[in-house]
Each structure stands twice: as structure tokens, then as C-alpha cells.
Amino acid sequence: MDWKNIVFPIIAIIVGLTVGFIIGVIYRRRVAEAKIGSADAEATRIINQALAEAESKKKESILEAKDEIHRQRTELDRELRERRNEVQRQERRIIQKEESLDKKIENIEKKDETLNRKIKEAQDRLDEAEALKKSEFEMLEKVSGFTAEQAKEMLLKELDEELAHEKAAKILDYEQQIKDEADSRAREIIATSIQRCAAEQAAEVTVSVVPLPNDEMKGRIIGREGRNIRALETSTGVDLIIDDTPEAITVSCFEPVRREIARVALEKLIADGRIHPARIEETVEKARREVEQTIKQTGDRAVVDAGVNGIHPELVKLLGRLRYRTSYGQNVLNHSLEVSYLAGLMAAEIGADVKTAKRAGLLHDIGKALDHELDGSHVDLGVEYAKKYKESEAVVHAIAAHHGDIEPRTIVACLVQAADAISAARPGARRENVQNYIKRLEQLEEIAKSFDGVDTSFAIQAGREIRIMVKPEVITDEKMPLIAREIVQKIEAELEYPGQIKVNIIRENRAVDYAK
């Protein structure tokens with residue numbers, strides 16, 4: 001193949017493509033120029049149209065603005081006219097008020113002048129009245145023979161007597177009202193509680209006496225050169241009294257638990273027959289364990305009998321120890337149970353908390369179970385141990401208030417206080433030393449005789465009532481309630497006594513003459 005036949009067609013193709021490209025470029029340029037010319041014309045038209053519209057809107061806005069300015073100016077002129085009118089009205093009103101105020105000030109000045117004139121006239125009349133009063137007082141003093149102070153004292157004395165009469169009458173009315181309302185309810189509650197609480201009437205005997213099978217046993221208990229009795233006394237901490245009393249040994253000790261241990265140990269030794277120091281120590285230890293077990297059982301039984309649960313075991317043991325404590329011959333455990341029963345019954349009658357009342361009544365004397373090594377009264381010790389073993393605040397407060405050391409703040413505390421007094425004061429509950437009893441009666445009569453107008457007094461009914469004879473010429477009927485109240489207050493402040501004391505005042509007028 002000839003190369004010319006290849007090259008020439010290729011060159012022709014390239015030339016053709018180049019010419020076509022140039023022609024295409026020229027054509028596109030002409031088309032673009034034509035489009036640009038038409039776009040410029042359109043842009044010019046749009047701009048001219050926009051300018052025309054803008055000019056039109058500008059004219060419209062100017063007109064609208066002028067209209068708005070005219071409208072606002074008109075509105076402003078109207079408001080200014082209204083405010084000007086309001087200011088003028090206010091000015092006229094202020095002027096009227098000023099004129100009215102001027103008139104009032106003028107009237108006040110006139111009244112002030114009149115008042116000053118009247119005050120001066122009144123002062124002159126008062127001076128005349130004082131002078132007249134002074135002259136009348138001088139005349140009255142001359143006529144009556146009393147000075148002003150003496151007359152004043154006499155009037156105050158008469159007034160005091162009248163007030164004393166009214167006060168006594170009021171006291172009588174209030175006392176009668178209180179008695180009518182309270183006595184009936186109190187008697188009903190207490191009587192119902194006492195009837196439902198069956199208690200022993202006889203006081204317990206606290207002397208421990210151990211019976212012997214025969215008098216020869218006394219020698220065996222004493223032992224050779226007294227070694228047996230010394231060993232027994234040393235082990236138990238008691239004193240054994242071996243005297244001429246036939247077939248009996250008396251155990252003496254202020255600590256009732258130790259006395260009970262000694263009594264149990266003696267009974268075991270007597271029953272066994274082997275009495276020597278080693279056997280004594282062994283028997284005393286067994287007796288101590290037995291008494292401790294008895295104390296625990298007694299405490300458990302007391303808790304069950306009282307119907308109280310959840311008491312700490314240590315407090316239960318202390319309750320068991322109360323079995324061996326007495327107060328004026330009354331067994332403290334029995335007394336605590338009685339107080340628990342009575343407090344619970346009274347709480348049920350008045351709708352109070354029965355469980356808390358029973359619990360507080362059972363534990364109120366728990367401090368008496370503690371040994372003498374601990375300092376403080378049985379109330380303080382009871383409160384301390386109740387707090388220690390997590391008793392409730394109501395129970396602790398009732399223990400603290402049951403003897404009136406603090407003011408009772410709850411119904412339960414008042415019920416425990418009343419139940420304690422009932423249990424202690426019931427017939428046969430306690431024994432009292434004769435000398436203390438006579439001394440208390442004498443003090444009761446002396447308190448009554450210490451008041452002016454008292455002729456004589458008699459303590460009767462075992463000191464539960466005092467009858468006072470007064471002088472009728474000194475004590476009037478109106479003064480009797482007052483002197484009764486004063487005597488009661490002095491008895492409450494100076495004496496300690498169970499229960500209550502009735503103060504009975506008797507005033508009697510007698511007319512005596514003789515027919516001859």
C-alpha cells in the first residue's frame with residue numbers, strides 16, 4: 001500500500017475537523033452575542049420598569065406618610081385639648097379645696113379659742129371644787145373625829161371583809177361544783193377497780209425463823225468452838241440468833257435475799273444432818289443457785305400475772321427480787337402487782353392505754369429491788385434502770401412521778417400515782433411504827449392549832465380525818481372555807497401521809513342561861 005494513500009486522507013480529515021471546529025466556534029460566538037444583546041435589552045427594560053414602579057411607590061408612601069402625620073397631629077391636638085381641660089378642672093378642684101381648708105382652719109382656730117376658754121373656766125371651777133373638797137374634808141374630820149388616812153383604812157377594811165365574804169362564797173360554789181362533777185366519777189372508777197382487784201388484807205411478816213427437829217440440833221449448828229455457825233454466817237452474810245426459843249433459830253439480816261439463802265441452806269443442812277464447814281459452803285452455794293432460780297421464776301410469774309410482755313430479762317429478775325422486799329410490812333412484789341391491776345382497771349374505765357398503765361404500775365417500784373451499794377432513791381434508781389433497758393418514755397415518766405417528785409404530765413402517770421396510793425392506804429396493807437404514828441397525829445393537831453381562831457383539834461380515824469373546833473366570835477361562817485383551804489395547804493406542805501386527810505371544821509354558837 002502507498003503511504004500517500006494513507007497520509008492524505010488523514011490530513012484531509014484533520015483539516016476538515018479543524019475547519020468544522022472553527023466554524024462551530026464562530027457560530028456559537030454569534031449565537032452568544034445575540035443572546036447577550038437580547039439580555040441587555042431585557043435588563044434595561046426591567047430596570048426602567050423597576051425605576052418607574054419605585055417612583056410610583058415612593059409617591060404613594062409620601063402621600064401615606066403625609067396622611068399619617070396629619071392624622072397623628074389631629075389626635076395629638078385632641079389629647080392636648082383634653083389634658084388641658086383636665087388640668088383646668090384639677091386646678092379648679094384644688095382651688096375649691098384650698099378655700100374649704102381655709103374655712104376649716106378658721107373654724108378650728110375659733111373652736112380652739114373656745115376650748116381654751118372653756119378649759120380655763122373648768123380649771124377655775126376645779127380649783128374651787130378642790131378648795132371646797134378640802135374644806136369639806138376638814139369639816140368631816142372635825143365632825144367624825146377621824147383623819148383621812150384613818151377613814152381610808154376603815155373603808156378598805158370593810159371592803160376587805162366584803163370581798164372575803166364573796167371570795168368564800170365563790171370558793172364554796174366552785175368546790176361544790178368540782179365535788180359534784182369529780183367525786184362521783186372518781187368514786188365509781190376507784191370502787192370498780194378495787195372491787196375487781198382481790199388482794200390480801202394481812203401484812204407479811206418479815207422475820208425468818210427456821211424450825212428445828214429438836215434442841216440438840218442447835219449444838220450441832222454451833223459446832224465445836226462455834227466453827228459451824230461462823231462458817232455459816234461468813235458464807236451467807238447473816239447473823240444467826242440462837243437463844244432460848246425452843247426448837248427454832250432466828251435468821252437476822254437487813255438484806256432479805258441473803259436471809260432467804262441462809263434460811264434455805266439451814267433447812268437443807270438440818271435435813272441432811274451433815275454439818276461441817278465444807279458441807280456448809282457447798283450447801284450455801286446450792287441454796288444461792290436455788291434462790292436465784294426462784295427469783296427468776298417469781299419474776300416470770302409476776303409478768304404473766306400482770307399480763308405484760310416484752311420486759312427485759314434483767315428487769316424480770318429485779319421483779320423477782322421484790323418478793324423479798326417489804327415496805328411497812330407490805331410485800332413490794334404484791335404491791336407492784338396490785339398497782340398494775342388497779343392502774344389497768346382505771347385506765348380501762350376512762351379509756352386510757354391499759355397496757356402502758358399495767359406496765360408502768362408493775363415497774364413503778366423496781367428501784368427497791370436494787371442493793372444498797374447503789375446511791376439514790378428507789379425512784380431515781382428505777383428511772384435509771386428503766387431507761388437502761390429501753391422502757392418507753394411514758395413508763396419512765398410514770399416511775400419518776402409516782403411519788404410526786406415531779407409533776408405528772410400524762411394520764412398513765414396520774415393513774416399509777418393514784419393506784420400506788422390506793423394499794424398503800426387500803427386497810428391492812430401496811431404496818432406503821434407506833435411512835436411515828438403518834439408523832440404524825442400530834443403534828444396534824446399542832447398544824448391545826450397554829451391558826452388563829454382555832455379552839456381545839458382532834459385527829460381521828462387513824463389520822464385520816466381531823467376535826468377542828470373554831471371560836472365562833474373569831475371565825476365567821478364565811479371564813480370557814482378559807483381557813484380550811486389554808487390548813488389543807490399547810491398539811492400538804494409539811495406532812496407525809498398515805499392516802500388523803502379530811503379537814504372538818506366545826507363552828508358552834510351556844511346560848512346558856514339559868515332559870516332561878
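Helices (H or I, at least four residues) and strands (E, at least two) are DSSP runs, numbered from the N terminus. The structure on display is a predicted model, in which local features need pLDDT of at least 70 and side-chain atom pairs count only at pLDDT 80 or more, while totals for chains, interfaces and linings use all residues. Residues are numbered from 1 along each chain as its sequence is written, and side-chain values use heavy atoms, with hydrogens and water left out.

**First stop: E225**

Select E225, in the loop between α3 (216-222) and α4 (227-236). Most residues other than glycine have a negative phi. E225 is not a glycine, yet its phi is positive, about 55°. Is E225 buried or exposed? With a relative accessibility of 71%, E225 counts as exposed; the term means over 50% relative accessible area, whereas buried means under 20% and partly exposed lies in between (1.4 Å probe, protein chains only).

**Second stop: α10 and α11**

Next, select residues 378-388, which form helix α10, and residues 393-401, which form helix α11. The two helices pack at an angle of about 170°, and their axes are 8 Å apart. Axes are lines fitted to C-alpha atoms, for helices over the stretch in contact, and angles run from 0 to 180 degrees between N-to-C directions. The angle makes α10 roughly antiparallel to α11, a term for angles over 145 degrees; those under 35 count as roughly parallel, 65 to 115 as roughly perpendicular and the rest as oblique.

Which residues make the contact? From α10 they are V379, G382, V383, A386 and K387, and from α11 they are V396, I399 and A400; contact means heavy atoms within 4.5 Å.

Now colour α11 by burial. Because 7 of its 9 residues are buried, α11 is largely enclosed by the rest of the structure. The buried residues are V395, V396, H397, A398, I399, A400 and A401.

Select Y385 and Y389, both of which are buried. Their rings form a tilted aromatic pair, 6.0 Å centre to centre with 50° between the planes. Rings of Phe, Tyr and Trp (its six-membered ring) pair if their centres lie within 6.5 Å; planes under 30 degrees apart count as stacked, over 60 as edge-to-face and the rest as tilted.

**Last stop: K390**

Finally, select K390 in the loop between α10 and α11. K390 has a positive phi of about 65° and is not a glycine. At 72% relative accessibility, K390 counts as exposed.
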